[in-house]
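Me: I'd like to learn how to read a model like this one, feature by feature. Could you walk me through it?

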Amino acid sequence: MWCESSAFYTVARSRVATSSTGPSRDDVAYAFDMGGFVVTMESPTTGRPEAGEADVQQKIDTSVPHSARIWNYWLGGKDNFAVDREAGDQYRQVFPGVVDVARASRQFLVRSIMFLAADAGIRQFLDVGTGLPTANNTHEVAQRIAPDARIVYVDSDPLVLVHARALLVGTAEGRTAYIDGDLHDPAAVIAEAGKTLDFAQPIGLILSGVMGHVPDYEAARSITRQLVAALPSGSYLSLNDGTSLISAEMQQAQDDYNDSGATPYTLRSPDEIVGFFDGLELVEPGVVPCPQWRPDDAVDTPADIDAFGGVGRKR
C-alpha cells in the first residue's frame, strides 16, 4: 500500500454521508484552505463545479479504503476518511514500522529528485502515480534547484485529480501539468506528456511506490520498459517499492490489507526491484533500502527498512 500524502492544507467536507456507492456531488464539497484563503473547484463564470469536476466527486468512494488516503493519514495529513484511518490503524497494529516505511519512501523520492536536478542536470520530470500532494512535491524540489524545470504528474485517482489541479502550481519560469492517466496504458501517458515535455531531451521518470499495484511481475516490468523506451538517451528512472525482506509482519499486514477489498498491492523482493532497472546504468549505491540511498541529515528512519529504491541512467 503505497502513495503520497498531504501536509500543508486541509480539505473542508460538508454533509459527508458515506454509503456503499460513495458520496454524491452534494455529499462532499471541496475547498482547499491554503494560508488563510480558500480555493474551490468552481467555474469563475457559473459558480458551479467545472465540467468534469462534479463527475470526479461522484467517483470518490468513501466506503473502501484507498492507499493514497491511508498514506496521507500515516504522514499526518487530513485528506482521508474514517474507512482509511481504520484500515491504516489495522495495518499499523500488525506492522508498527509502516510509518517509517512511508517516511523513508518519501525522503528517498526527495533525494533522488535533488540528485537528478542538481547533479545530473535533468530539467524535465514525468511523475507517474503521484498520489495526493504534500510538502516537497516533485515540482517543488526540482524547481527550487532549476526554476525552469518542467514537470508532468500522472494519476488516475479522482481525489488526487481534484487536489492536483488546485494545488500543483509551479514557477513562472517552468511548467507544471497534470494528466488524468492510467499506469497500465504507458503509450497514452507518453502521448499526453509529450504536450508538455520535450522527448528529445533527457527526462527523469519517477515511479514512487506504484509498481506494486501491478500484481503480475512481468506485466509490471513491461510497463516500466515501455515508459523507459520512450525516453531519450541520458534520461533517468527513479523507482522505489515495498518489500518484506526486513520484517515478516510487513507481509502479513499487506495480506490483511489486500483482503479488505481495497486495490491490492504486491510486495516484491529486492532482486525483483533491481529487475526494473534492466538495461540501465545504476547510480551508486544501486538498489538499497531507501534510507541508505545517498542519505542526508533529513533521514530519520532506521537504515534497514522494507522500502528499496534506486536510480538508473539510460545510455
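Me: What share of the chain's contacts with a separation of 6 or more comes from residues 24 or more positions apart?

Reply: A contact means heavy atoms within 4.5 Å. Here, residues 24 or more positions apart account for 72% of the contacts in the chain with a separation of 6 or more. Before going on, a word on ground rules: this is a predicted model, where local features need pLDDT of at least 70, side-chain atom pairs count only at pLDDT 80 or more, and totals for chains, interfaces and linings use all residues. Numbering runs from 1 along each chain as its sequence is written, and side-chain values use heavy atoms, with hydrogens and water left out.

Me: What is the mean pLDDT of the chain, and which stretch is below 50?

Reply: pLDDT is the predictor's confidence in each residue, from 0 to 100. The chain's mean is 80, and 80% of its residues reach 70 or more. Over residues 4-52, though, the value is below 50, and this stretch still has 120 contacts in the model beyond near neighbours in sequence. Where pLDDT is low, the predicted coordinates should not be read in detail.

Me: How many helices and strands are there, and what percentage of the residues is buried?

Reply: Helices (H or I, at least four residues) and strands (E, at least two) are DSSP runs, numbered from the N terminus. This chain has 10 helices and 11 strands. Buried means under 20% relative accessible area, exposed over 50%, and partly exposed in between (1.4 Å probe, protein chains only). Of the 315 residues in the chain, 55% are buried. As for the surface, the chain exposes about 12,800 Å², with carbon and sulfur atoms supplying 49% of that (Shrake-Rupley method, 1.4 Å probe; for residues, only the protein chains shown count as cover).

Me: Now a helix. Which residues of α8 are buried?

Reply: In general, an α-helix has 3.6 residues a turn, so residues three or four places apart point the same way. In α8 (residues 217-229), the buried ones are Y217, A220, R221, I223, T224, L227 and V228. Seen down the axis of α8, they fall within an arc of 155°, so they line one face of the helix (the arc is that of the directions from the helix axis to the C-beta atoms). The cover over them includes α7, β7, β8 and α10. At the start of α8, a side-chain oxygen of D216 comes to within 3.3 Å of the backbone nitrogen of E218.

Me: What about α7: which of its residues are buried, and what do they pack against?

Reply: The buried residues of α7 are P186, V189, I190 and A193. Down the axis of α7, these fall within an arc of 95°, so they line one face of the helix. They pack against β4, β5, β6 and α8.

Me: Why is α4 called largely enclosed?

Reply: Because 17 of the 22 residues of α4 are buried, it is largely enclosed by the rest of the structure. Helix α4 (residues 98-119) reaches 31 Å from its first C-alpha to its last, close to the 32 Å expected. Just after α4, G121 takes a positive phi of about 70°.

Me: Is T138 buried or exposed, and which side chain makes a polar contact with its own?

Reply: A polar contact is a pair of N or O atoms within 3.5 Å; within protein, one must be able to donate a hydrogen and the other to accept it, and residues adjacent in sequence count only if both atoms are side-chain atoms. T138 sits in helix α5 and is buried, with a relative accessible area of 2%. Its side chain joins that of D127 in a polar contact of 2.6 Å. Not counting residues up to four places away in sequence, T138 touches I113, F125, D127, I151 and Y153.

Me: And the loops: where is Y265, and what does its side chain reach?

Reply: Y265 is in the loop between α9 and α10 and counts as buried at 1% relative accessibility. The side chain of Y265 reaches the backbone nitrogen of G242 at 3.5 Å. The C-alpha atoms of Y265 and G212 are separated by 5.0 Å, though the two are 53 residues apart along the chain.

Key: The expected span of a helix is 1.5 Å times one less than its number of residues.
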